[in-house]
Amino acid sequence: MAKDVEGPEGFQTRDYEDPPPTPFFDAEELTKWSLYRAVIAEFVATLLFLYVTVLTVIGYKIQSDKTAGGVDCGGVGILGIAWAFGGMIFILVYCTAGISGGHINPAVTFGLFLARKVSLIRAVLYMVAQCLGAICGVGFVKAFQSSYYVRYGGGANSLADGYNTGTGLAAEIIGTFVLVYTVFSATDPKRNARDSHVPVLAPLPIGFAVFMVHLATIPITGTGINPARSFGAAVIFNESKPWDDHWIFWVGPFIGAAIAAFYHQFVLRASGSKSLGSFRSAANV
């Protein structure tokens with residue numbers, strides 16, 4: 001088991017090492033097949049994520065529409081929709097974590113980029129792949145459910161009636177903070193070393209975070225916390241209301257991801273202060 005061990009003079013030493021910061025711009029990555037394999041994995045994972053989840057949303061609206069023969073309590077309900085989103089994240093992160101890191105979300109990629117976990121090139125390619133995958137995933141939903149897709153809103157995110165822009169933006173910021181903070185905590189090498197006797201499957205808390213956030217924010221914004229998810233649905237649905245509110249689903253998640261990255265890296269882990277202290281010590285030698 002990886003645990004802290006006692007070193008010389010009674011000081012506690014770590015039996016793990018933090019990975020070094022990823023270079024900000026690494027052109028050499030473009031020559032490696034592993035980068036393109038990871039980009040393909042992000043594309044396919046986001047496609048599958050949007051296909052299953054948006055199809056679940058449309059199915060619920062069909063079954064609960066009384067004018068079309070549905071009933072008030074028909075379908076999976078909000079609880080089932082939240083489980084669909086959280087469950088798919090659990091499955092897809094588990095499947096792709098060893099290939100691409102299992103981001104499946106531009107906000108997660110942005111947070112990891114700010115924490116120097118991925119390079120700029122990888123971050124940009126991931127975001128492009130995620131957005132294209134989302135468009136394709138929702139496109140499949142429309143193709144298979146063409147008679148219901150437009151009638152039931154296409155799974156597109158927009159601000160619900162009765163809520164102002166500030167409330168919607170705050171919901172997206174806080175929801176994305178919960179998600180990205182969970183990603184950092186679940187994949188923290190220090191936590192894995194310290195608690196190695198407690199088996200933790202990282203995709204499980206990440207998927208559960210998505211589930212809990214959806215329960216809280218579906219009534220407000222339909223729950224974005226993933227710009228690719230919101231973008232893909234808006235592109236295929238292509239109506240004015242989702243586009244008018246669309247900026248909320250980019251600005252909110254990116255702010256939430258940035259706050260989560262700062263909180264974990266500079267407050268909980270104190271990475272910035274440690275690096276600064278090491279720099280000062282080296283300068284005084």
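I start with a term: a residue is buried if its relative accessible area is under 20%, exposed if over 50%, and partly exposed in between, using a 1.4 Å probe and protein chains only. Ala123 is buried, with a relative accessible area of 3%. Before I go on, this is a predicted model, in which local features need pLDDT of at least 70, side-chain atom pairs count only at pLDDT 80 or more, and totals for chains, interfaces and linings use all residues. Residues are numbered from 1 along each chain as its sequence is written, and side-chain values use heavy atoms, with hydrogens and water left out.

Now the overall picture. The chain has twelve helices and two strands; helices are DSSP runs of H or I with at least four residues, strands are runs of E with at least two, and both are numbered from the N terminus. Reading from the N terminus, the order is β-β-α-α-α-α-α-α-α-α-α-α-α-α. Of the 285 residues, 45% count as buried. Contact means heavy atoms within 4.5 Å. Among contacts between residues at least 6 apart in sequence, 78% join residues at least 24 apart.

Back to Ala123, which sits in helix α4 (residues 120-144). What does Ala123 contact, leaving aside neighbours within four places in sequence? The partners are Thr109, Phe113 and Val118. The C-alpha atoms of Ala123 and Gly111 are separated by 9.8 Å, and these two residues are twelve apart along the chain.

Next, helix pairs. Two packed helices are described by the angle between their axes and the distance between the axes. Here the axes are lines fitted to C-alpha atoms over the stretch in contact, and angles run from 0 to 180 degrees between N-to-C directions. Helix α2 (residues 77-96) and helix α8 (residues 203-221) have axes that come within 8 Å and cross at roughly 155°. That makes α2 roughly antiparallel to α8, where under 35 degrees is roughly parallel, over 145 roughly antiparallel, 65 to 115 roughly perpendicular and the rest oblique. By class, the contact of α2 with α8 has 18 nonpolar, three polar and no charged residues. Ala, Val, Leu, Ile, Met, Phe, Trp, Tyr, Cys and Pro count as nonpolar, Asp, Glu, Lys and Arg as charged, and the others, Gly among them, as polar.

For α1 and α4, the axes are 7 Å apart and the angle is about 35°. This crossing of α1 and α4 is also right-handed, and the contact has 21 nonpolar, four polar and two charged residues.

Last, the cores. A nonpolar core is a set of buried Ala, Val, Leu, Ile, Met, Phe, Trp, Tyr and Cys residues joined through side-chain atoms within 4.5 Å. The largest has 46 residues, and those with the most contacts inside it are Phe49, Val138, Leu179 and Ile206. Its largest share, seven residues, comes from α1. A second, separate core of six residues includes Leu35, Val39, Ile121 and Ala129.

One more residue: Thr182 lies in helix α6. Thr182 counts as buried at 17% relative accessibility. Not counting residues up to four places away in sequence, Thr182 touches Pro205, Ile206 and Ala209.

Note on methods: A crossing is left-handed if the near helix is turned anticlockwise from the far one by less than a right angle, and right-handed if clockwise.
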